[in-house]
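Here is a short briefing to read alongside the sequence and the 3D view. Take a moment to look around before you start.

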Amino acid sequence: MLDSFELTKIVGAVLAALLLIFAPKTIIDLTRHGHHGPVAGGYKLPEPSAAPAAADGAPAAPAAFDPAQVVAALATAKPENASGTFKKCLACHTADKAAASKAGPNLWDVVGRTHGTRADFTGYSDAMKKKGGDWNYADLAAFLHSPKVWLPGTKMIFAGVSDPADLADLIAYLRTLSDNPKPLP
Ligand code: HEC
C-alpha cells in the first residue's frame, strides 16, 4: 500500500517528466511566434504609401494601397465595366437621380458633394457628419477600398473593393451619376 508521502513523490516525478517533455517545445513555439511578420492577425492598417526600408536594412513592407494610384488610373478606367461591382452597392444605395435614399444615401451627384450631406438621408454616422470636406476622387478611393479604415465608426458595413482596377472603374462610373460630371483628374 502506498502512503501519501510516496504518492506525492510519484506525482511529483510524473509532473517533472511532463515538464521536461513539454517545456522545450513551449519555449520553441513561443520563440517562433515572436518572429511573425508585421501583419500577424486582425486587419491591416493603412501604411504610409512610400514605406521606407527599415533602419536595420530589412526589406520594405510590400506596397500598401495607394489612393493616388486609383486616381491616376481614372484616365483609362472603364465605367461600363463597373456594373458587377456596383451591384453590391445597390443592396443599400440607389443611383437614380429622383429616387429616395435607401439604407445608404442616394449616390447621384456624389462626386464633389460634401461628406455626409445628402439631404434626404438621416442615417449618417457621427464620424461621417464630422468628416468635413468634399468627396474628391482620392477620398472615394480610400473609403471604398476600406470603409472602416478610412472612416472608423462608419455605418457603411461593407468590406471594400480591394482591386485597384475595379475601384477605378467603379469611381469612373460614380462620376457619371450626374447631369454635369466633374472633370477627370
Ligand atoms: C450594407 C449597406 C451598404 C453597402 C453594401 C454599401 N454602402 Fe455605401 N453607405 C452605406 C451607409 C449606411 C452609408 C453612410 C455611412 C456613414 O454615414 O458612416 C454609406 C455611405 C456611402 C458614401 C458616402 C455618401 C455621402 O453622402 O457622403 C458613398 C460614396 C458610398 N456609400 C458608396 C458606396 C459604394 C460605391 C458601394 C459599393 C461598392 C457601397 N457604398 C456599398 C451603406 C452601404
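**The iron site**

Met156 counts as partly exposed, at 21% relative accessibility; buried means under 20% relative accessible area, exposed over 50%, and partly exposed in between (1.4 Å probe, protein chains only). This is a predicted model, where local features need pLDDT of at least 70, side-chain atom pairs count only at pLDDT 80 or more, and totals for chains, interfaces and linings use all residues. Residues are numbered from 1 along each chain as its sequence is written, and side-chain values use heavy atoms, leaving out hydrogens and water.

- His93 (NE2) and Met156 (SD) coordinate the iron atom of the ligand at 1.9 to 2.1 Å; donors are N, O and S atoms within 2.8 Å of the metal (3.2 Å for Na, K and Ca).
- The site is octahedral, with angles of 87 to 179 degrees among six donor atoms; for six donors this term asks for opposite donors over 155 degrees apart and all others between 65 and 115.
- His93 is buried, with a relative accessible area of 9%.

**Around Leu144**

- Leu144 is in contact (heavy atoms within 4.5 Å) with Met156, Phe158 and Leu174, among others, leaving aside neighbours within four places in sequence.

**Around Asp179**

- Not counting residues up to four places away in sequence, Asp179 touches Lys97 and Trp108.
- The C-alpha atoms of Asp179 and Trp108 are separated by 9.2 Å, and the two residues are 71 residues apart along the chain.

Technical notes: Four donors count as tetrahedral if all angles lie between 85 and 135 degrees; four count as square planar and six as octahedral if opposite donors are over 155 degrees apart and all others between 65 and 115; anything else is irregular.
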